[in-house]
Amino acid sequence: MELKTAIEQLRAAEAKSAALGHAMGIIYFDAVTTAPKGTDEGRGRTLAMLSEESYKLTSGEEMGALLAFLEEHRAELDAQTAREVELLKRSYDQLRRIPMDEYVEYTVLLNTAETVWENAKKNNDFASFAPYLEKIVETNRRFAGYYDPNKKPYDALLNEYERGVDTEMLDAFFSQLRETIVPLVKRVSEKPRPDDSFMHRAYPAAEQKKLAEKLMQVMGIDRSHCGLAESEHPFTTNFNNRDVRITTHYYENDLASSMYSVIHEGGHALYELGVADELQYTAASGGASMGVHESQSRFYENIVGRSKEFISAVFPMIKEIFPRQLEDVSENEFYRAVNIGEPSLIRTESDELTYCLHIYVRYELEKKLISGELAVADLPAEWDRMYKEVLGVDVPDDTHGVLQDSHWAGGSIGYFPSYALGNAYGAQLLSVMEKDVDVRAAMRSGDLSPITEWLHEHIHIFGSLYDPRELFERVCGKFDAGYYTDYLTEKFTELYGL
Ligand code: ZN
C-alpha cells in the first residue's frame with residue numbers, strides 16, 4: 001500500500017465514524033429532550049445497529065491493518081495525522097478487548113437505564129433502578145479489565161475520562177481541597193446568611209428563556225451554530241464546530257438554576273465551537289478531556305459568572321427581564337445571593353465553595369462500588385451517611401440523594417472527579433490569563449471576548465491534539481491545586497468579611 005492511499009483510507013474511516021457518531025448523538029439528544037416517553041424500544045434497536053457499525057469500523061481487521069501500516073510509517077506523517085493514528089490506535093486496542101456482543105448489549109442497557117433512572121428519580125424509587133445500576137457497575141468493572149488489566153479497575157476507568165489521573169493523585173487532591181474547604185465552610189456558616197428569598201419568587205419559564213438567550217449573546221455564542229433545548233439534566237453535545245447543542249431546565253421558582261446552567265453549558269459550547277477547522281471530522285476533534293472541558297464550563301460559570309464584575313455588567317439586563325420580581329433588589333444583594341456558601345443536598349445547585357465536597361462523596365462511593373467494597377443495595381444508606389459526615393446535611397429521600405445525577409445511569413463511572421479537577425484547572429488558568437488579559441475589566445464591561453479569545457488561542461483551538469496533562473502544562477506549567485484553594489479562600493474571605 002502507498003502511504004498516500006493509506007492516509008486517504010484513514011480520512012474516509014474517520015469521516016464515517018464522525019457520521020455514525022453524529023447520528024447516535026442526535027438520537028440521544030432527541031431521547032432526552034423532545035422524544036415521547038414510550039419511544040425507547042425502536043430507538044434502542046437503531047442505536048444497537050449504529051453502535052455495531054461503529055464498533056466494526058473502529059475495531060475491525062481493516063482498521064487494524066491500516067493503523068499498523070501507518071504506525072510503521074510514523075516518521076513520514078505530519079504531526080496531526082500522527083496524533084489521529086495514536087488516538088485511533090488507543091480506541092482500537094481498547095475496543096478489541098471488548099467482545100462485540102458485550103459492547104452492543106451495554107449500549108442497549110444504557111438506553112433503557114436512562115429511562116428507568118428518570119422514573120426512579122421522579123418516584124423516589126431506588127429499588128427499580130438498582131438492578132440496572134448493578135449491571136452497569138459490573139460491566140464497568142469488566143470493561144476496566146479490558147481497558148487496562150494492569151491498573152486497578154477504578155484507575156482504568158478514571159484514565160478513560162482524564163488520562164494520567166489515578167486514585168493516588170486524587171486521594172491527595174481531595175484531601176488538599178478538604179483541608180481548605182471544610183474549615184472555610186465552617187467560618188462562613190458562623191456569619192449571617194445573605195438573603196436570597198427573591199431568587200425564589202415566580203420566574204416564568206418563558207422569561208427565563210429570554211434571559212438564557214441574552215446570556216448566550218453576552219458570552220458571544222453564535223446561535224446559528226448552537227442550539228438551546230430543555231432536558232431533565234442540563235448537558236452539552238457536539239457534532240462538529242458548526243453544530244453544538246446545549247440544554248437547560250427551567251424551574252419557575254428558582255432564577256439561578258437555569259441561569260448558571262446556561263452559562264456552564266455555554267462554556268462547554270464555546271470550547272467545541274472553537275476547535276480548529278482542520279481537526280473536524282477527524283479523531284482529534286472535540287475537547288482534550290472531561291477535566292479540561294469542565295475547566296472551561298466552570299470558568300464561565302463561577303470565575304466569570306459569579307464575579308462581582310460580571311454581575312454588575314448583567315444585572316441591569318436581568319432586571320429588565322424581571323422588573324417586578326427584582327424591583328427591591330440591588331446589584332450587591334444579587335451578587336451576595338448567587339454566592340451563598342453553605343452545605344446543601346443537590347450537586348448541580350450547590351455553590352462554588354461546597355461543590356467539590358459533593359464530588360468528593362461521589363468519588364469515594366464510585367471507588368468502593370467498583371472495588372466491590374460497597375454493594376449497590378447499600379449505596380443509598382452510604383450516600384446519606386457520607387452527606388451527613390462531609391457536608392453535615394440530612395438527606396430526606398433518594399430523589400434528593402443518590403438518584404439526583406444521571407451519570408451512573410448513563411454508564412459514566414469515573415467521570416465525577418473531572419468536575420473537581422476542572423475547577424482547579426480553571427483557577428490556575430486564570431492566574432496565567434491575567435498576565436495577558438485584564439480579566440476584571442473584561443468582565444466589568446460585559447464584553448467577554450478578550451477572555452474567550454485567550455482561551456480559544458491557548459486551549460480550544462487544539463481540540464484533542466494533546467493529552468490533557470500535556471495541554472495543561474504547555475499553558476500553565478505543573479498542576480497545583482493551591483491556585484484553586486487560594487482563589488476560594490480569597491473570594492469567600494472578601495464576600496463574608498472573615
Ligand atoms: Zn459540565
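Colleague: Which residues coordinate the zinc ion?
Modeller: This is a predicted model, in which local features need pLDDT of at least 70 and side-chain atom pairs count only at pLDDT 80 or more, while totals for chains, interfaces and linings use all residues. Residues are numbered from 1 along each chain as its sequence is written, and side-chain values use heavy atoms, with hydrogens and water left out. Donors are N, O and S atoms within 2.8 Å of the metal (3.2 Å for Na, K and Ca), and because water is not among the atoms, sites may look incomplete. With donor atoms at 2.1 Å, the residues that coordinate the zinc ion are His264 (NE2), His268 (NE2) and Glu294 (OE).

Colleague: In which helices do histidine 268 and glutamate 294 lie?
Modeller: Along the chain, the donors of the zinc ion follow the spacing H-x3-H-x25-E. Histidine 268 and glutamate 294 are 26 residues apart and link distant parts of the chain. Helices (H or I, at least four residues) and strands (E, at least two) are DSSP runs, numbered from the N terminus, and on this basis histidine 268 lies in helix α10 (residues 255-273) and glutamate 294 in helix α11 (residues 290-304).

Colleague: Are histidine 268 and glutamate 294 buried or exposed?
Modeller: Buried means under 20% relative accessible area, exposed over 50%, and partly exposed in between, computed with a 1.4 Å probe on protein chains only. By this rule, histidine 268 and glutamate 294 are both buried.

Colleague: Which residues does glycine 422 touch, not counting residues up to four places away in sequence?
Modeller: Contact means heavy atoms within 4.5 Å. Glycine 422 is found in helix α16 and is buried, with a relative accessible area of 1%. In the same helix α16 (residues 417-433) we find serine 418, which is in contact with Tyr161, Met290, Gly291 and Glu294 when its neighbours within four places are left aside. For glycine 422, the residues touched are Gly291, Glu294 and Ser295.

Colleague: What is the order of the strands in the open sheet?
Modeller: Two strands pair if DSSP finds at least two bridges between them. Five bridges join β1 to β3, which run parallel, whereas β2 and strand β3 (residues 243-248) pair in the antiparallel sense over four bridges. β1 (226-230) and β2 (236-240) each have a single partner strand, so they stand at the edges, with one side left without a neighbour in the sheet. The pairing is therefore mixed, and the order of the three strands is β1-β3-β2.

Colleague: Which residue of β3 is the bridge partner of asparagine 240?
Modeller: A hairpin joins β2 to β3 through two residues, and asparagine 238 stands opposite valine 244 in β3. For asparagine 240, the bridge partner in β3 is aspartate 243.

Colleague: At about what angle to β3 does α10 run?
Modeller: Axes are lines fitted to C-alpha atoms, for helices over the stretch in contact, and angles run from 0 to 180 degrees between N-to-C directions. Helix α1 (residues 3-33) lies across β1, β2 and β3 and runs at about 20 degrees to β3. α10 also lies across β1, β2 and β3, and its angle to β3 is about 165 degrees.

Colleague: Why is the pair of phenylalanine 143 and tyrosine 147 called edge-to-face?
Modeller: Rings of Phe, Tyr and Trp (its six-membered ring) pair if their centres lie within 6.5 Å, and planes under 30 degrees apart count as stacked, over 60 as edge-to-face and the rest as tilted. The structure holds 27 aromatic pairs. Phenylalanine 143 and tyrosine 147 are four residues apart in helix α6 (residues 126-147), and so are separated by about one helical turn. Their ring centres are 6.4 Å apart and their planes stand at 65 degrees, so the pair is edge-to-face.

Colleague: Over which ring does the charged end of arginine 298 sit?
Modeller: A charge sits over a ring if NZ of Lys or CZ of Arg is within 6 Å of the ring centre and within 35 degrees of the ring normal. The charged end of arginine 245 sits over the ring of phenylalanine 29, 5.7 Å from its centre. For arginine 298, whose charged end is 3.6 Å from the ring centre, the ring is that of tyrosine 355.

Colleague: Where is tyrosine 281 found?
Modeller: Most residues other than glycine have a negative phi. Tyrosine 281 has a positive phi of about 60 degrees although it is not a glycine, and at 44% relative accessibility it counts as partly exposed. Tyrosine 281 is found in the loop between α10 and α11.
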